[in-house]
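Let's walk through the charged pairs in this model. Keep the structure open as you read.

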Amino acid sequence: KKTGDMVAGLVGFHKNKRVVKVNVEKNNEVWKKLEKTREEREVDLKEEKDRRDREDQEELKKQKKLQREMEKLQIEKERKEREMKSYKLMDADPELCTSNQFDNESDAERELVDDFM
C-alpha cells in the first residue's frame, strides 16, 4: 500500500503481518571481498541519453546517405540502360550513312559501295 510519506520507488506490502523478516549473520570475509570490488560511479543519465541519441542520429544519417547513394547509382544505371536501348546512338555514329549522303559521293566511291553490297 502506498502512503504519502513513502519515497518514489519504495516497495510497500498490503499486509504487514505476512512479511517475514529473517536475521542473517554477517560473514565478514565475504563482506570484505564485496567491499573491495565495489565500484561507485556518478551517473549523469541525461548526458548518457543525449550521447546515445546523438549516436543514433548519426547512424540514421549514415544509413540515409548510403541509401541516397544507392538510389543515385540505380538511377544512373537505368539511364545508361535506356541510352543503350535507344536509337540515338545509331544517329550519332559517323560511319553509318543515309541514302542522301550517297548522292554527294563521287562515282568511284559509289562503285566501291555498290560492289561491296
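Helices are DSSP runs of H or I with at least four residues, strands are DSSP runs of E with at least two, and both are numbered from the N terminus. The model you're looking at is predicted, so local features need pLDDT of at least 70, side-chain atom pairs count only at pLDDT 80 or more, and totals for chains, interfaces and linings use all residues. Residues are numbered from 1 along each chain as its sequence is written, and side-chain values use heavy atoms, with hydrogens and water left out.

Start with helix α2, which covers residues 45-85. Lysine 49 and aspartate 53 both sit in this helix, 4 residues apart, or about one turn. Their side chains meet in a salt bridge at 3.3 Å, N to O (a side-chain nitrogen of Lys or Arg within 4 Å of a carboxyl oxygen of Asp or Glu). Lysine 49 is partly exposed at 44% relative accessible area, and aspartate 53 is partly exposed too, at 31%. For these labels, buried means under 20% relative accessible area, exposed means over 50%, and partly exposed is in between (1.4 Å probe, protein chains only).

Next, look at glutamate 47 and arginine 54, whose side chains form a salt bridge at 3.7 Å, N to O. Glutamate 47 is partly exposed at 41%, and arginine 54 is partly exposed at 45%.

Now go to arginine 38, which pairs with glutamate 40 through a salt bridge of 3.6 Å, N to O. Arginine 38 is partly exposed at 48%, whereas glutamate 40 is exposed at 66%. The whole structure holds 9 salt bridges.
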